[in-house]
Amino acid sequence: WLGICLERLDRGKIEALVTMPGECKAACSQLATVVSNEADDFERNAAERMRYPDFRVQGVFAGSGVMEAGCKTVIGARLKRCGRFWTVQGANAFFALRTCRLSGRFEDYWESRERIA
């Protein structure tokens, strides 16, 4: 079943992939509800982001490995320099501030801080 799902995903057959959970017979009504909810969520939120053949044609990288490595490198470099010690709250605040500044939304950071205080 998983192999069929992966093949459909790789070939861009998202509509056929989305129908697959509904075709399964759940052992109990509670499980059927969970499967139905997850399938609905996938169809609403993930299906358009998983059109990998279209992304390949456009030359868009669709994997997460490069992004994960970039985050690890950038965040690790910032947080783990010699003599630095961070709390989770402090690190989150630092990166929120830096992100707002680099994206030209510096005032958004201070507005969000006012709501917290």
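**View 1. The left-handed crossing of helices α1 and α2 in a predicted model.** α1 passes α2 in a left-handed crossing, a crossing being left-handed if the near helix is turned anticlockwise from the far one by less than a right angle. The contact (heavy atoms within 4.5 Å) is made by I4, C5, R8 and L9 of α1 together with I14, A16, L17 and M20 of α2. The axes of α1 (residues 2-10) and α2 (residues 14-23), which are lines fitted to C-alpha atoms over the stretch in contact, come within 8 Å and cross at roughly 155°, and that makes the two helices roughly antiparallel, the term for angles over 145 degrees. This is a predicted model, in which local features need pLDDT of at least 70 and side-chain atom pairs count only at pLDDT 80 or more, while totals for chains, interfaces and linings use all residues. Residues are numbered from 1 along each chain as its sequence is written, and side-chain values use heavy atoms, with hydrogens and water left out.

**View 2. R51 in the loop between α3 and α4.** Leaving aside its neighbours within four places in sequence, R51 is in contact with G12, I14 and E15.

**View 3. The buried and exposed residues of α6.** The buried residues of α6 (residues 88-102) are A91, F95 and C100. They cover an arc of only 160° around the axis, which puts them on the same side of α6. The face turned away from this buried side carries Q89 and R101, both exposed (over 50% relative accessible area). After α6 comes G104, whose phi is positive, near 75°.

Definitions and conventions:
Buried < 20%, exposed > 50% of the residue type's maximum accessible area, 1.4 Å probe, protein only. Helix = DSSP H or I, 4+ residues; strand = E, 2+ residues; numbered from the N terminus. Arc of directions from axis to C-beta. Axes fitted to C-alpha atoms, helices over the stretch in contact; angles between N-to-C directions. Parallel < 35°, antiparallel > 145°, perpendicular 65-115°, else oblique.
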